[in-house]
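Hello,

Here is the structure I promised to pass on. Please open it first, then read my notes below.

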Amino acid sequence: MSNSESVAPKNKVAVVTGAGRAIGLGAAICKFLARDGADIAMWDWNVDEAGPIVEELKAMGRKVVLCQVDVSSRKSIEAAAATTRSELGPINILVNNAGISPEEDFVDISDEELDKVIDINLKGVFYCTQAIIDDMIEAKWGRVVNISSSSAQTGAKRMVHYAATKGGVIAFTKALAQEMAPLGITVNNVPPSTVYTDGLKSVEDRFPNGLQGYVDQTIPVKRMGQPEDIANAVAFLASEASGYITGHTLSVNGGRFMG
Ligand SMILES: NC(=O)c1ccc[n+]([C@@H]2O[C@H](COP(=O)([O-])OP(=O)(O)OC[C@H]3O[C@@H](n4cnc5c(N)ncnc54)[C@H](O)[C@@H]3O)[C@@H](O)[C@H]2O)c1
């Protein structure tokens, strides 16, 4: 079989990790995938804020499961994958979005901090994809979309550990894309730049001239990204229409990094 012969399953089932925050990339991605007809499994370790998002997706006519998952734990992922399959069926779209964005001077990064960011941002992508890819191999169709970061493309001071994990996600994307391409599965990544989410709001004090000052200096289109900007790109990479694109880094960053 060649990739061009692979046919999308009738029932689209998408897992989106890190989908539990009200104003987050994950929630916006869920809404765009639901709009395109997928049933949705929202995986997050914090499920306290997720209720309204679940209701919104259900109101769109989609089936939804919410799973409390730690993406750095294989055991937790296996349990969530089993729940998702039994409630929604085999999984054919995976968006690896969960992540943490720590900041620290390079010389002060402790082993614990380093392990934590690698475990969640890099091993989490590895573990979730390994737990799900067999469904896609079986269906001879699948879409994996990883959320990386422009920090991996430009570098980012005081975020060496974070940038290294996100660079790893880009390399993971390309390597897995090569292995999966003949099996009807594409693997791509989207590196956001400055997107106004709860996550970004919580680190606003890192920007000495404020977020708008940072945007004015670094982003040619002169506005902050919105979660929908990222979700739109992810929905395209998860769609049937993108079947000839794999191993790609689709930068959605207002022109911050052009490469
Ligand atoms: N917002 C931006 O400007 C920006 C820029 C570059 C990259 N990113 C990346 O985009 C992704 C989403 O970012 P966001 O701004 O929506 O962040 P966010 O902090 O709002 O959302 C991240 C989500 O991941 C979840 N999460 C964290 N650790 C987890 C774990 N171990 N298991 C399960 N869930 C876990 C959190 O609970 C949260 O819901 C992240 O990978 C982030 O690194 C964001």
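Some ground rules. This is a predicted model, where local features need pLDDT of at least 70, side-chain atom pairs count only at pLDDT 80 or more, and totals for chains, interfaces and linings use all residues. Residues are numbered from 1 along each chain as its sequence is written, and side-chain values use heavy atoms, with hydrogens and water left out.

**Cores**

The largest nonpolar core has 34 residues. (Such a core is a set of buried Ala, Val, Leu, Ile, Met, Phe, Trp, Tyr and Cys residues joined through side-chain atoms within 4.5 Å; buried means under 20% relative accessible area, with a 1.4 Å probe and protein chains only.) I29, L33, I40, M42 and V190 have the most contacts inside it. Several elements give two or more residues to this core, including β1 (13–17), α1 (25–35) and β2 (39–44). (Helices are DSSP runs of H or I, at least four residues; strands are runs of E, at least two; both are numbered from the N terminus.) α1 gives the most, with 8 residues.

**Ligand**

There are 26 residues around the ligand (a heavy atom within 4 Å). D44, N97, Y162, V195 and T197 come nearest. Polar backbone atoms also face the ligand's own polar atoms. L25 has one 3.0 Å from a ligand oxygen. V71 has one 3.0 Å from a ligand nitrogen. For V69, a backbone N or O atom lies 3.3 Å from a ligand nitrogen. Taken alone, the ligand exposes 830 Å², and the protein buries 93% of that. (Areas come from the Shrake-Rupley method with a 1.4 Å probe.)

N96 lies in strand β4. N96 counts as buried because its relative accessibility is 3%. Its side chain makes a polar contact (a pair of N or O atoms within 3.5 Å, one able to donate a hydrogen and the other to accept it) with the side chain of T129, at 3.0 Å. Another, of 2.9 Å, joins the side chains of N96 and N146. W43 is 53 residues from N96 along the chain, yet their C-alpha atoms are separated by 9.8 Å.

H161 sits in helix α6 (residues 160–180). H161 is also buried, with a relative accessible area of 3%. Beyond its neighbours within four places in sequence, H161 is in contact (heavy atoms within 4.5 Å) with P102, E103, E104, I109, L114 and V117.

Best wishes

Note on methods:
Buried means under 20% relative accessible area, exposed over 50%, partly exposed in between (1.4 Å probe, protein chains only).
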